[in-house]
Amino acid sequence: MALILFHGDKGGTGKSTVCKAFIDWCLTRDIPVRNVDADTRNPDVFRMFNSQIEAEQIGLKTENGWADLIDRCAEFVDTSNIAVN
């Protein structure tokens, strides 16, 4: 499993766009990938892919959110890559 983070504090820089492109790239190559969308105000990556792959929303502004992310990593360590935007 790889954990790929698309992160930055400034909005409008293309993080979600690059994450979408990465997920699409994985899908076209049959590379297992999951999505964790941490953009709680505009979860557009989640909306785009939640019918195609395992996707969920987790707010990472709290310790509990980070704990949930670590739990997902442990759960899918042998089966899937996780793209977090």
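1. Contact here means heavy atoms within 4.5 Å. The model is predicted. Leaving aside neighbours within four places in sequence, Leu-3 is in contact with Cys-73, Ile-82 and Val-84.

2. Leu-3 sits in strand S1, residues 3-5. The C-alpha atom of Leu-3 is 9.3 Å from that of Ser-80, although 77 residues separate the two along the chain.

3. Now the sheet. Four strands make an open sheet, with parallel pairing, in the order S1-S4-S2-S3. S1 and S3 (55-57) are at the edges and have a single partner strand each, so one side of each lacks a neighbour in the sheet. On average, neighbouring strands are turned by 20° against each other, direction ignored.

4. Look at one strand pair. S2 (residues 33-37) pairs with S3 in the parallel sense, over three bridges. Val-36 stands opposite Glu-56 in S3. Helix H1 (residues 15-28) packs on the sheet and touches S1, S2 and S4 (81-84). The direction of H1 makes about 160° with that of S2.

5. Helix H3 covers residues 63-75 and lies across S1, S2, S3 and S4. H3 runs at about 155° to S4.

6. Last, the largest pocket. The space in it is about 630 Å³. How many residues line the largest pocket? The lining has 21 residues, and Gly-8, Lys-15, Ala-38, Asp-39 and Asn-85 lie nearest the centre. By class, the lining has six nonpolar, nine polar and six charged residues.

Definitions and conventions:
Residues are numbered from 1 along each chain as its sequence is written. This is a predicted model: local features need pLDDT of at least 70, side-chain atom pairs count only at pLDDT 80 or more; totals for chains, interfaces and linings use all residues. Side-chain values use heavy atoms; hydrogens and water are left out. On a 1 Å grid over the protein atoms alone, a cavity is a set of points where a 1.4 Å probe fits but cannot get out, and a pocket is an open set with protein on both sides within 12 Å along at least five of seven lines; lining residues have an atom within 4 Å of a point. Grid points are joined across faces, edges and corners, and a volume is the space filled by probe spheres set on the points. Ala, Val, Leu, Ile, Met, Phe, Trp, Tyr, Cys and Pro count as nonpolar, Asp, Glu, Lys and Arg as charged, and the others, Gly among them, as polar. Helices (H or I, at least four residues) and strands (E, at least two) are DSSP runs, numbered from the N terminus. Two strands pair if DSSP finds at least two bridges between them. Axes are lines fitted to C-alpha atoms, for helices over the stretch in contact, and angles run from 0 to 180 degrees between N-to-C directions.
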